[in-house]
Amino acid sequence: MISYTSFAFFLLYFGITYILYTLIAKPYKWCVLLAGSWVFYFVSAKGHILPLIAATLIVWGAALGIQNVSDVFKKKKKGLPREERKALKKKYGAYKTFLLTGGVIATVAILLVCKYAGFFTETANSLFHLDLKELSVVQPLGISFYTLQAVSYLADVYNGKYEARKNPLRVSLYLSFMLTIVEGPFARYDNLGFELEQCSSFDRHRFERGVQRILWGLVKKVIIADRAAEFVNAVFDYHEAYRGIVVIFGILFYTLQLYCEFSGVMDVMCGMGDMLGITVPENFARPFFAKSINDFWTRWHMTLGAWLRDYIFYPISFSKPFMNAVKSARKKLNPYYANLIPTAVALFVVWFTNGFWHGSGWKYIVYGLYYYVLMMVGMFLEPLFAKLCNKIHLDREKNKAFALFRMARTFVIVNIGMLIFRADTLEQAFSMLRSVFRGLNLKAMLPGSGNGFGLDLFDYAIIVLGTLLVFAVGVLGEKKIDIREKITSLPFAVRFIGYLAAVLVIVLAGAYGEGYGVVDLIYANF
């Protein structure tokens, strides 16, 4: 695909789209965005666009059907007695449920066939000793992202959050928008969709803030993440040759790579959105300052977490069967543990889905359930831990030393999760985890020791300085200090020189060219 951080994307796709977008009359701006998104997707996906077209038409038709049923019910219920109105509501509610279910199943089925056919075949062959041939299906670009957006659109129309769009091209723009289709974030129609309909005019202040955001994203992606990737690939591709400190740094560098790449690309997308006058949802909020796993996942890939919460966790945990189960359990169990029943079931589905969404392999499912088990253990032990803290007079919220301990503990847990996520197989992940405790030879990290990591002292210095810079910006963010606004308040000459200096740093210190490999976007594979 065409990378979001490549010159081709900036100049040929976003660049041309942006120029036309600013020149054309407001009522037609969305058409420019649609055309630009279609061209970008067609080229990036190498022509494999039928699944996206099919999903768009299914969602548009199902949502329109749901809307028509709702409109007919509103007309017919007027003036009816209460009992007849309830019967009519039940009848038309069944129609809506049928359309919602059909639309969701059909849309998700496309995802399952295109992305998971091989996994299902391999699993069936292994469990039942079959010899089924795998389907040769090309995984469409961004299918995991636009599928979940499609499901949220259907669910929101079903719940009456907004009306279904009659124009299928509006739905198509929402699902195929060039700034969200490849790596997200997951956007709801009532924020991104409405903004794509309104298409704000040029705003100098937002334009400059967008430029700032793009430059910061490129620093994280091109300078830090792509350089760390050299070390990560060397360690994970030849993991049998390394142990101890090398493996530890391989895991840490991968965490750094994934965060700087993913959040960096999100910065670029949000910055481009600002230039267009469109607010792209935030996806990260300084996750490594989190003090628990739950806190981490409210800061990391936030739009995915919010989607799982709103469309899986809440519907399951607040469903009538589970509410009745809680009432029954309260008669026999401690109220705290009785209330955990729907939470435990709903969280299992959430974390299974989280892992399964990321990839077609058991390691991804284990990755999701790894967090589920840790969260459930924490929830079950919470009453005991609360009593212990009261006995030793420990204020968990105000004690700074304990807060640092919780952050360090969460960081270690997350890095073990990152190891599972990055390793090719579960066996490799467990092997590397065991090797961490064998050998702490720091000399193996040094350039010139024959380690084959592809990094010299300059690369290490850039990674260290870049990490410190990201940390410092995170600290200021935690203190609610808006750095971008402070930069914008500086004199224009100072800002202009600063932006030129940032561009120069990216060009000179970027990890590309001789000695560096091409680094594909990690989440573009999902």
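This is a tour of side-chain packing and pairing in a predicted model, one selection at a time. Residues are numbered from 1 along each chain as its sequence is written, and side-chain values use heavy atoms, with hydrogens and water left out. Local features need pLDDT of at least 70 and side-chain atom pairs count only at pLDDT 80 or more, while totals for chains, interfaces and linings use all residues.

**The core**

Select Phe9, Tyr153 and Leu179, the residues with the most contacts inside the largest nonpolar core, which has 143 residues. Such a core is a set of buried Ala, Val, Leu, Ile, Met, Phe, Trp, Tyr and Cys residues joined through side-chain atoms within 4.5 Å; buried means under 20% relative accessible area, exposed over 50%, and partly exposed in between (1.4 Å probe, protein chains only). Next, colour helix α9 (residues 245-276), which gives the most to this core, with 19 residues. Helices are DSSP runs (H or I, at least four residues), numbered from the N terminus.

**Rings**

The structure holds 59 aromatic pairs, counted for rings of Phe, Tyr and Trp (its six-membered ring) with centres within 6.5 Å; planes under 30 degrees apart are stacked, over 60 edge-to-face, and the rest tilted. Select Tyr259 and Phe288: the ring centres are 5.4 Å apart and the planes at 85°, so this pair is edge-to-face. Tyr259 is in helix α9 and Phe288 in the loop between α9 and α10, 29 residues apart. Tyr259 is buried at 11% relative accessibility, whereas Phe288 is partly exposed at 23%.

Move to Phe492 and Phe496, a stacked pair with centres 6.0 Å apart and planes at 25°. Both lie in helix α19, 4 residues apart, about one turn of the helix.

For a charge over a ring (NZ of Lys or CZ of Arg within 6 Å of the ring centre and within 35 degrees of the ring normal), select Arg170, which lies over the face of Trp30 at 4.0 Å from the ring centre.

**Salt bridges**

There are 19 salt bridges, each a side-chain nitrogen of Lys or Arg within 4 Å of a carboxyl oxygen of Asp or Glu. Select Glu485 and Arg209, which meet at 2.8 Å, N to O. This pair links helix α18 to helix α8 across 276 residues of sequence; Arg209 is buried at 15%. Finish with Arg213, Lys220, Asp267 and Glu282, linked in a network of salt bridges.

Technical notes:
Helices (H or I, at least four residues) and strands (E, at least two) are DSSP runs, numbered from the N terminus.
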